[in-house]
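Subject: Structure handover

Hello,

Here is the structure I promised to pass on. Please open it and keep it beside you while you read my notes.

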Amino acid sequence: MFLSVLNISRETCLKLVEKYVSPEGQKHLFNVEVAMRALAKYFNEIKPGSEDEHTWAMCGLLHDIDYEQITGKENMEAHMQEHSGPLTQKFLKEIDFPDDLIRAIQSHNEVQNIPRDSQLAKALFAVDGLTGFIVAVSKVMPDKKVASVKIESVLKRFKEARFAAAVNRENIFTCESELGISREKFVEIVLESMKKI
Ligand SMILES: [Fe+2]
Ligand SMILES: [Fe+2]
């Protein structure tokens with residue numbers, strides 16, 4: 001499916017993020033933003049002009065816009081039911097975000113039952129899990145920095161079921177089934193992008 005090309009500036013998107021997400025919560029959004037930009041760039045190198053890097057990056061930046069405004073994680077079931085639902089739509093409409101891109105964002109929460117019917121939606125789903133996993137790996141590094149994380153250590157940690165057990169590996173591995181990117185390459189692209197911020 002072809003999606004809209006976003007013509008809303010990063011500045012406008014960032015203002016919305018700052019309105020609804022705490023500085024602590026913003027860190028995850030910046031990680032997903034850079035990873036989505038890097039992934040769009042990767043697809044553009046394979047097939048020039050196929051994906052819009054700004055659109056991908058902004059969907060990454062905004063994907064959890066409602067996260068701190070809905071029921072907290074102390075009630076996980078309610079939290080997951082509400083996440084990426086009507087409130088996401090309402091917030092994104094404040095900046096006139098296109099409906100098809102809102103749907104693509106909402107599809108990253110499988111509970112919403114919205115098909116991942118675009119390359120962008122598939123990428124967002126896989127990237128979301130991997131960025132969180134990489135942050136977890138960085139926390140066990142001696143200096144606790146993403147800069148010190150190696151591709152091999154991420155791949156090794158995937159196999160340790162008890163490590164960052166909350167992160168669903170199957171979601172990350174959809175990079176192979178849905179995007180056609182090996183997990184090694186996927187980790188490389190996302191990790192290298194995160195090291196730049
Ligand atoms: Fe989310
Ligand atoms: Fe997320």
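Four helices each supply at least two residues of the lining of the largest pocket: helix 2, helix 4, helix 7 and helix 11 (183–195). Helix 7 gives the largest share, with 9 residues. The space in this pocket comes to about 1,300 Å³. Its lining counts 39 residues, and the closest to the centre are His28, Tyr67, Lys73, Asp128 and Gly132. Please remember that this is a predicted model.

His28 belongs to helix 2 (residues 23–46), while Asp64 lies in the loop between helix 3 (53–62) and helix 4 (76–82). The two are 36 residues apart. Are they buried or exposed? His28 is partly exposed, at 25% relative accessible area. Asp64 is buried, at 7%. The cut-off for buried is under 20%, so the two residues fall into separate classes.

Now look at the other iron. Which residue bridges the iron ion (ligand 1) and the iron ion (ligand 2)? Asp64 does, and the ions lie 3.6 Å apart. The iron ion (ligand 1) is coordinated at 2.2 Å by Asp64 (OD), His83 (NE2) and His108 (NE2). Their spacing in sequence is D-x18-H-x24-H. Here, too, distant parts of the chain are linked. His83 sits in the loop between helix 4 and helix 5 (86–93). His108 sits in the loop between helix 6 (99–106) and helix 7 (119–139), 25 residues from His83. His83 is buried, with 3% relative accessible area. His108 is buried as well, with 6%.

Next, turn to helix 3. Why is helix 3 called largely enclosed by the rest of the structure? Because 8 of its 10 residues are buried. They are Thr55, Trp56, Ala57, Met58, Cys59, Gly60, Leu61 and Leu62. What do these buried residues pack against? Their partners are helix 1 (10–20), helix 2, helix 5, helix 6 and helix 7.

Cys59 brings up one last point. How many disulfides are there? The count is 0. Cys13 is in no disulfide, and its nearest cysteine sulfur, in Cys59, is 8.5 Å away. A disulfide is a covalent bond between the sulfur atoms of two cysteines. The cut-off for the sulfur pair is within 2.5 Å. For Cys59, the closest cysteine sulfur is that of Cys13, at 8.5 Å, so the distance is too far for a bond. Cys13 counts as buried, at 0% relative accessibility. Cys59 is also buried, at 0%.

Best wishes

Note on methods. Residues are numbered from 1 along each chain as its sequence is written. Chains are lettered from A and ligands numbered from 1 in the order in which they are written. This is a predicted model: local features need pLDDT of at least 70, side-chain atom pairs count only at pLDDT 80 or more; totals for chains, interfaces and linings use all residues. Side-chain values use heavy atoms; hydrogens and water are left out. Buried means under 20% relative accessible area, exposed over 50%, partly exposed in between (1.4 Å probe, protein chains only). Donors are N, O and S atoms within 2.8 Å of the metal (3.2 Å for Na, K and Ca); water is not among the atoms, so sites may look incomplete. Contact means heavy atoms within 4.5 Å. On a 1 Å grid over the protein atoms alone, a cavity is a set of points where a 1.4 Å probe fits but cannot get out, and a pocket is an open set with protein on both sides within 12 Å along at least five of seven lines; lining residues have an atom within 4 Å of a point. Grid points are joined across faces, edges and corners, and a volume is the space filled by probe spheres set on the points.
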